[in-house]
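The sequence and structure follow.

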Amino acid sequence: MSVTLNNQNNLYSDNVQAVLLLSTFFSKPKKDEARPLTAIEYGRFARWLHEFNYTPSSLLHQFDEIVSKWKDPKGKITEDRLADILDRKVAMGLALEKWQRVGIWVITRQDSEYPQLLKKQLRHISPPVFFGVGNKALLQNGGLAVIGSRGIDSIDEQFTQAIAQQAAKENINIVSGAARGVDETAMLASLQAGGTAIGIVADSLLKVATASKWRKYLQNEQLVLISSFYPEAGFSVGNAMARNKYIYTSANFALVVRADEGKGGTWAGAKENNENNWVPLFVKQQSDASGNIVLLNNGANGFELQQSSDPWLEQILSAAKLTNANTKPTNLSLLE
Amino acid sequence: MSQQRALELLRQGVGDPAANFHTDQWESIDAIVIQRCRLLCVQRTGWGKSSVYFIATKLMREQDHGPTIIISPLLALMRNQIESAAKYGVALGTVNSSQSLEENTLNKQRLLAGQLDALIITPEQLANDEFVSEVIIPANPGLFVIDEAHCISDWGHDFRPDYRRISRVLGNIADTPVLATTATATKRVVEDVVEQLHVEGQEIYVLRGQLTRESIHLQNIHLPKRSQRLAWLAHIIPQIEGTGIVYATTINDAFLVAEWLRSCGITAEGYAGSIPRLSNADSAVKREQLEQALLNNQLKVLVSTSALGMGFDKGDLAFVIHYQSAGSVVSYYQQVGRAGRSIDNAYGVLLSGDEDQEIQNYFIREAFPKQELVHSLLELLEEDSCNGLKKADLDALLNYAPMKIKAALTFLIAEYPTPIVKDGPLFKRTVNAYTMPVEMIKRLSERKTGEWQEIQAYLREGSCLMQVLAKALDDELATPCGKCANCDPESAFGLSYPHDLGQKAVEFLGNTMIAIEPKKQVGNGHAQAASRFQEYNFPFRLGDLAHEQGAALCHWGEAGWGEIAVAGKRAHVFDPRLADACIKMINERWQPNPMPTWVTYVPSQNYPKLVKGFAELVAEKLGLECIEAVVKVNQTEPQKRMENSDFRCKNLDGAFEVQNVKEGEAVLLIDDASDSGWTFAVIAALLRRAESGPVFPMAVMSTKSN
């Protein structure tokens, strides 16, 4: 594999460059500009490449040959579009330098450091690229995803903090979205108690990477923050919804603190988890939240705080069952 | 196709249908446009690098590539460059900090709309993340041109942190052609630059021409005192036919020499990166006017700091004289090499004097930020609650000069991985651990010292001077030049000058006067004024409380009065000749109006007799009453330890009280030294509050550094 030696710093293989060119924005999208492939489009295209024994880096050397054979069944990934997005090398170089300077790294699906749990669960729709900052090794820890809305009352806040502190005590990693509200509360409580956390953000990784609230924990290697969207991406509801699945699939279990039936990211994410049978779902009991009630009625595991000096969290989690009785196929071939 | 087209463009660009490429010009264009390689072009000034990159740009644009980004440290004669580019059919624009906001915005828009073929920027802009995301990345450049590429190498005489970023960025993008140019580079520097720009999968070439210029007559002359060098310049310059440049090491010296030459009837002007008393934007305009004036032969001499460098090219420049020693042989060559491009005889004289060593020591000391400053700065930004601080906040919290804080920030931002990042107006700490690169700093400082010793050796050199310079540049000159003062002593300039010219120079230096401008504001707004003066509560606009324009006799320690004043301070009593000199300054040069009718002085807790005694002497000689109108009521830290305005003001706040003021009468307020002028501002305001007439501050020395 030929290598671009950036003598001050990283080695970016042709493959990584190609994946980035295919899938990533490097600056705010301009109106008539060709767009990089979405995660789903990338998945479709990557599968085809694999079947025909090509790798993403092949696009850099055998472009003509490949486009002569490829025809997108959905008609979106055209030759022109591919040519345009692959032509953005300078933009990529500048952007990568800017991000790397502040400590942001890049991992692709082929890397061993890529979150393996997520990759197993999502297969060809796992994002081709994650940008991140902090301790990469934490990405394999699994643990408990804690999910809830941005606005929480003091009861839910205390509940969330108690869970997170218990998790820290029992060395259970917390996975969440780093948003205001439940996410942040869970993560910070765990970190403050000496635990670890994975934060999967939907936007603005660059800003988050320099925010004072996370800095200490990033430096201490207790925290890793990742985003499948480019580090300067702004907030969008679509992206926030899309990243919810990454939270579920990076963990072994999930706990919904508060959901409103029929609306919001928490509800949508929980539904998606159940439809796909990703991880056992727990829901806070004794809540007036409409979504909590419905989820519990539909088979989610109930969850209440315990007062015990035993590792009760571990015990509760291991007794969990998947919401849907159907089991998933376990025979997965690892994809690129 | 291309060579024919390129030749067409050349002929169109230089306006000569019979023109042909110089050696290596076509090869350079070919390497970039057709082979799409990286190229380091080491060629002397005047070889025609802008033809190369304008033609390359035009050819690439004709093939639908993105625009060219040209990175150049200082932008001389922008207007000329734009006109020149237009002749090649290249629409050239620039974005930089000395241009107005409107012009910058317009240029950005034009670039993004595809209306510009090339954009010149300074290396600092590459460090500006917003600029990179919003302008450079979306423009998708087709070619990068790096001017003064030797700045990339820390083996070079002019290593700049911002240039490191360039080589990192270029390291991330194979396939993009890069043209790096320089007029001075030793083999070691060339190797280093090549290594930094090298990227797997893309070829990199070096094209090197002869750097030395045969038409220059070199000479070294040691004249220890400034007055001697001033006299020599005034004597010799009128005897040289044609126009030239005199290089000085500091801004003060540049303007001083220019003023001296003018007083001897020579048309001379001073030039520096920032022109005293002008804003950034006005400085840029002024610089352009001065460059043009020299080009048009409206000036005989331009007296400049090293700022007059990059991009300035006058073919018939007849002399380059250094009033003070350059810092290294290579930078000496870079400056003297401007002379004699298209004429047969030109003169390069290197004068050296007593002050050179001290100036050089200063530059070596100040080259990198101090560890304590960096440590304190990072500590502030690292605080748990800190989500970023503005520059003004940092100035208020750190007892260091704002310029030093700025230099530290610039240095840290260029580090990789970087410990700080700029987000809008806020500086923030990143997650990257950081220690100062002490090894690198030590190595670079030692190298600077080595370079200094090298030029000291050059000054004492007995054999062919041109051979020595050529060797230092790894440019071999097989035989002695036959023209320099060592090869042909007959042709050299004499060292003597008329005695009365020497006298005149001594007097000129003694007749200096340094203006002390009144501060009109004590802060940038009510809040800042209130925080700086919690006791005195001055309004942020001083209005009537401000003093009149004041004066200082000399610079701290400078030859002549400056040395005598420093000795006086140490002895706790000033030489009475200083009083006479001050009075001469008052009567002949300063001429305060209305003339003060009484004298007072700034009390000192550490030097009580020094200023009091001096003020009483001056008052006696002027026939005026000396009154102790200002009293120290609080112990304070020595004001000279306060490094910026916030600290200075707070140190002065509430420290003094006034008494026995002569109401309505103009007063002469005396102090031994003035630096930032806050002491004068505060005491004058107190005197004015007590109903005194206009206040005229006078200091023996100015300690403001330049």
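Is Asn593(B) buried or exposed?

## Basis of the model and a loop residue

The model is predicted: local features need pLDDT of at least 70, side-chain atom pairs count only at pLDDT 80 or more, and totals for chains, interfaces and linings use all residues. Residues are numbered from 1 along each chain as its sequence is written, chains are lettered from A and ligands numbered from 1 in the order in which they are written, and side-chain values use heavy atoms, with hydrogens and water left out.

Asn593(B) counts as exposed, at 67% relative accessibility (buried is under 20% relative accessible area, exposed over 50%, partly exposed in between; 1.4 Å probe, protein chains only). Asn593(B) sits in the loop between helix 23 (576-590) and strand 19 (598-601) of chain B (helices are DSSP runs of H or I with at least four residues, strands runs of E with at least two, numbered from the N terminus). From Asn593(B) to Gly677(B) there are 84 residues in sequence and 20 Å in space, C-alpha to C-alpha.

## Interface of chains A and B

Chain A contributes 37 residues to the contact and chain B 42 residues, where contact means heavy atoms within 4.5 Å. About 3500 Å² is buried between chain A and chain B, 49% of it on carbon and sulfur atoms; buried area is the accessible area (1.4 Å probe) that two parts lose on being put together, summed over both.

The interface of chain A and chain B holds 2 salt bridges (a side-chain nitrogen of Lys or Arg within 4 Å of a carboxyl oxygen of Asp or Glu). Lys216(A) pairs in a salt bridge with Asp384(B), with 3.1 Å between the closest N and O atoms.

## Salt bridges within the chains

Over all chains the count is 35 salt bridges. In chain A, Lys284(A) and Asp156(A) form a salt bridge at 3.2 Å, N to O. This pair links distant parts of the chain, 128 residues apart: Lys284(A) is in strand 10 (residues 281-284) and Asp156(A) in helix 8 (residues 154-169). Both Lys284(A) and Asp156(A) are buried.

In chain B, Arg429(B) and Glu382(B) form a salt bridge, the closest N and O atoms being 2.8 Å apart. Arg429(B) belongs to strand 16 (residues 426-429) and Glu382(B) to helix 15 (residues 371-382), so the pair ties together parts 47 residues apart in sequence. Arg429(B) is buried at 3% relative accessibility, whereas Glu382(B) is partly exposed at 32%.
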